[in-house]
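I opened my notebook to get to know a new structure. Here is what I looked up, entry by entry.

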Amino acid sequence: MKSKYDMLVIGGGPAGALAGKTAAEKGLSALIVEKRPAIGAPVRCAEGIGKEALCEFIDPDPRWISAEMTGATIVAPDGFVMKLGSEMAGSKVGYVLDRKIFDRELVWKAAEAGCDVTVKSRAAAPILEDGAVKGAKIEHAGKTTDVRADVVIAADGVESKFSRWCGIDTTVPVREIMSSVQYVMTDIDIDEQSTVFYLGNEVAPEGYLWVFPKGKRSANVGIGISGKKSGEGHRAKDYLDRFVKKTFPEGKTIEYIPGGVSVCRPLANTAADGLLITGDAARVVDPLTGGGIYNAMYTGRLAAEVAAVCIGKGDVSRKALMMYDRSWRESKLGKSIERNYLIKEYVIKLPDTKLNEIIHSVSNINMKEFSTINLIKEIIRVNPKLVLELGVLAASLR
Ligand SMILES: Cc1cc2nc3c(=O)[nH]c(=O)nc-3n(C[C@H](O)[C@H](O)[C@H](O)COP(=O)(O)OP(=O)(O)OC[C@H]3O[C@@H](n4cnc5c(N)ncnc54)[C@H](O)[C@@H]3O)c2cc1C
């Protein structure tokens, strides 16, 4: 670890790894600091990602793919099962990763490109001069070292504190934090090639419960419910335990993973003087699905690309770095986050009877390819009266 870099990256998750790798490839000196003793552990993720999305960043490798998905199943509140088979889902459905290995691979690639990496190294405070971010104080092996950088990338995940320390408002309303618990279970009867989503206020209020296969008779079995719905006797774990007892009574839980996912709109501001905010720290998780691996990699890479240009021009002011903020907001990713936020806000208010009605009505449709947007289009086509209820959203999809 040196005392000065072009770019300092806080956090060694997918956002930080892509930022570090891209910076090194652009010829910048860069350092990733990760507070945990090991990259990728503990895993706080159901590990699902679309095939095409993943391939935008890295070639699939069996070393870190636990299972390949060819379909998806949605279980309505009344128990009705809607299957989205491979013919509908096409050849691009997705993977369930092994993130312990996947995250390491991403950081390994950053290191290979020339980025420095240090673990058990926590960014404890920013170095601020005249309001501009100039680096961070890094705690490592009982010592605090000043590491200065032209640009700091905050990639410190959902628990992010760094941007707040730099004066950015990172507050997430309680109702927009999904309280999540996941078990890695084995010895369970599952369809090993299909993800399953259970919906309904009895199962997962304002959220959903998932079973993501991890290979032979094993799966990530988890739940996310709105923080506002959580309380004594009805916490995420209570719902999950009830489900597991009923659905997988003989299953064995080999890992317990608590966690939180923000399903709010992204931060109003993801750039400051000398600072860019990426991934979960920027709250760019898909508010409808809670998926954030792709979004983290996308914003991590983009942040480093913009930082490289700005460093090259000798201007790392907020004004110059705002190119990053504008680019991701105007991208397909930024637009889909906004759209899915509106869909989420609509869906969580639906009573179970309405959800049942919608799932029944779309179960026989023949989508060429399954995607959130195609599903919503079909829902509106089959239920034209929803156009009025969905208002702005429906209009934007036409
Ligand atoms: C239960 C659950 C299920 C999920 N399932 C899915 C899914 O199936 N698919 C999907 O796409 N997404 C899923 N997600 C979301 C996904 O895990 C995140 O969106 C993704 O990991 C974000 O990547 P990131 O790099 O922004 O943050 P992270 O992966 O959280 O990485 C941030 C890193 O920063 C480090 N850090 C924090 N503070 C500091 C500091 N001060 N100094 C140094 N290091 C620091 C942390 O230790 C961490 O390693 C799920 C999340 C949860 C909680």
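Which residue in β15 is the bridge partner of V184? I found N220 in that place.

**Ground rules.** I am reading a predicted model, where local features need pLDDT of at least 70 and side-chain atom pairs count only at pLDDT 80 or more, while totals for chains, interfaces and linings use all residues. Residues are numbered from 1 along each chain as its sequence is written. Helices (H or I, at least four residues) and strands (E, at least two) are DSSP runs, numbered from the N terminus.

**Strand β15.** I looked up β15 at residues 218–226 and noted that eight of its nine residues are buried. Buried means that 20 or more other C-beta atoms, placed from the backbone, lie within 10 Å of the residue's own. Nine bridges join β15 to β12, and the two run antiparallel. With β14 (residues 208–215), β15 pairs in the antiparallel sense over seven bridges. Strands count as paired if DSSP finds at least two bridges between them. Y208 has G224 of β15 as its bridge partner. In the hairpin of β14 and β15, two residues lie between the strands, and R217 takes a positive phi near 55°.

**The sheet.** I then followed the order β6-β5-β13-β14-β15-β12-β16, seven strands in an open sheet with mixed pairing. Its edge strands, β6 (81–84) and β16, each pair on one side only. Neighbouring strands are turned by 20° against each other on average, direction ignored. β12 also pairs with β16, antiparallel and over ten bridges. V184 turned up again here, with E255 as its bridge partner in β16. Helix α6 (residues 236–247) packs on the sheet and touches β12, β14 and β15; contact means C-beta atoms, placed from the backbone, within 7 Å. The direction of α6 makes about 140° with that of β15. Such angles run from 0 to 180 degrees between N-to-C directions, with axes fitted to C-alpha atoms, for helices over the stretch in contact.

**The ligand.** Which residues come nearest to the ligand? Of the 39 around it, they are G11, G13, G157, G279 and G292. A residue belongs here if its C-beta atom, placed from the backbone, lies within 6 Å of the molecule. Elements giving two or more residues to the shell include β12 (177–186), β16 (252–262) and α7 (293–313). The largest share, three residues, comes from α1. I also asked why the ligand lies between domain 1 and domain 2. Domain 1 (4–44 + 100–171 + 266–330) and domain 2 (68–95 + 173–262) both give residues to the shell, so the ligand lies between them. These bounds come from an automatic or database domain assignment.

How values were computed. Buried ≥ 20, exposed ≤ 12 C-beta atoms within 10 Å, placed from the backbone. Contact = placed C-beta atoms within 7 Å.
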